[in-house]
Amino acid sequence: MLNVTTPELLNEPDQVGSVITSALDRAGPGLTGQWRISEVFRRAGRTDDLLNSLVSPNPETRAAAARLCGALRLTQSVAWVEDLLQDPNPNVRDSAIRALGQMSGRRAVEALMAALDQLPLHRLAITLAQAATDIDIEALMRQPASEKAAVVTVLACGLRRDALRVPPLLGIAHDKRWPTQVRIAACHSLGMIGDRSAVGSLDVLAEKDPDLALKKAASRAWRRLQA
């Protein structure tokens, strides 16, 4: 049973979102636990209310609704939350980015990458690291839509501490066919992942690569792994 009204939920989105997130964590992994939580909101009619609130004329309401849709992982709200990435209110845009990261899944990843030119690179990389699955990351690395898309994806690997990506990241760092910024991002990610198997390859880049910016990035990553 859910004995709170929609305005009460929207009035304290951060606190309510924390409660929802804790409940989902306790419910365990998989769709069954998520369904058990979201079904309570659906039966009470709160899910439809939240979706309607995403198009409210009040920016505070839009932001709150986006936060709660993200906390509940309402994938049916992705299209509306994606529209909020273009909202004139910065708080609404911030809430939309966070929501897509929490919802995760292919549709959320596509929405984030579609807004590549509108979002700060570091913020997009953080959110992509949260939203993307291993399959999503692999597909984005194999066929990046642009240099910026490649940089964001490579940085997301580092933020995920994804040790399985160490060999392809080393390949990118050494491959001069990749743009310099992508290769530099690969060095940064290798430093973040912290797998010492990359030490030797980074040492070679730091010593011999002709690009000074890349040498600096490789050297920084090498020192981080040594430490």
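**Exercise 1. Determine the handedness with which H14 passes H15.**

Solution. H14 passes H15 in a left-handed crossing, a term that applies if the near helix is turned anticlockwise from the far one by less than a right angle, clockwise being right-handed. Helices here are DSSP runs of H or I with at least four residues, strands are runs of E with at least two, and both are numbered from the N terminus.

The model is predicted: local features need pLDDT of at least 70, side-chain atom pairs count only at pLDDT 80 or more, and totals for chains, interfaces and linings use all residues. Residues are numbered from 1 along each chain as its sequence is written, and side-chain values use heavy atoms, with hydrogens and water left out.

**Exercise 2. Describe the geometry and the contact of H14 and H15.**

Solution. Two packed helices are described by the angle between their axes and the distance between the axes. Axes are lines fitted to C-alpha atoms, for helices over the stretch in contact, with angles from 0 to 180 degrees between N-to-C directions.

Step 1. The axes of H14 (residues 199-208) and H15 (residues 212-226) come within 8 Å, and they cross at roughly 145 degrees.

Step 2. Contact means heavy atoms within 4.5 Å. From H14, the residues Val-199, Leu-202, Asp-203, Leu-205, Ala-206 and Glu-207 take part; they meet Leu-214, Lys-215, Ala-218, Ser-219, Ala-221, Trp-222, Leu-225 and Gln-226 in H15.

Step 3. The residues of this contact of H14 with H15 divide into nine nonpolar, two polar and three charged. Ala, Val, Leu, Ile, Met, Phe, Trp, Tyr, Cys and Pro count as nonpolar, Asp, Glu, Lys and Arg as charged, and the others, Gly among them, as polar.

**Exercise 3. State how H7 and H9 are oriented to each other, and which residues join them.**

Solution. Step 1. The axes of H7 (residues 90-103) and H9 (residues 121-131) come within 7 Å and cross at roughly 30 degrees.

Step 1. Angles under 35 degrees count as roughly parallel, over 145 as roughly antiparallel, 65 to 115 as roughly perpendicular and the rest as oblique. H7 and H9 are therefore roughly parallel to each other.

Step 2. H7 contributes Asp-94, Ile-97, Arg-98, Leu-100, Gly-101 and Gln-102 to the contact, and H9 contributes Arg-123, Thr-127, Gln-130 and Ala-131. By class, the contact of H7 with H9 has three nonpolar, four polar and three charged residues.

**Exercise 4. Count the disulfides and examine Cys-157.**

Solution. Step 1. A disulfide is here a pair of cysteine sulfur atoms within 2.5 Å. The count by this rule is zero.

Step 1. The closest cysteine sulfur to that of Cys-157 is in Cys-187, 14 Å away and so too far for a bond.

Step 2. Cys-157 is buried, with a relative accessible area of 0%, and Cys-187 counts as buried at 0%. Buried means under 20% relative accessible area, exposed over 50%, and partly exposed in between (1.4 Å probe, protein chains only).
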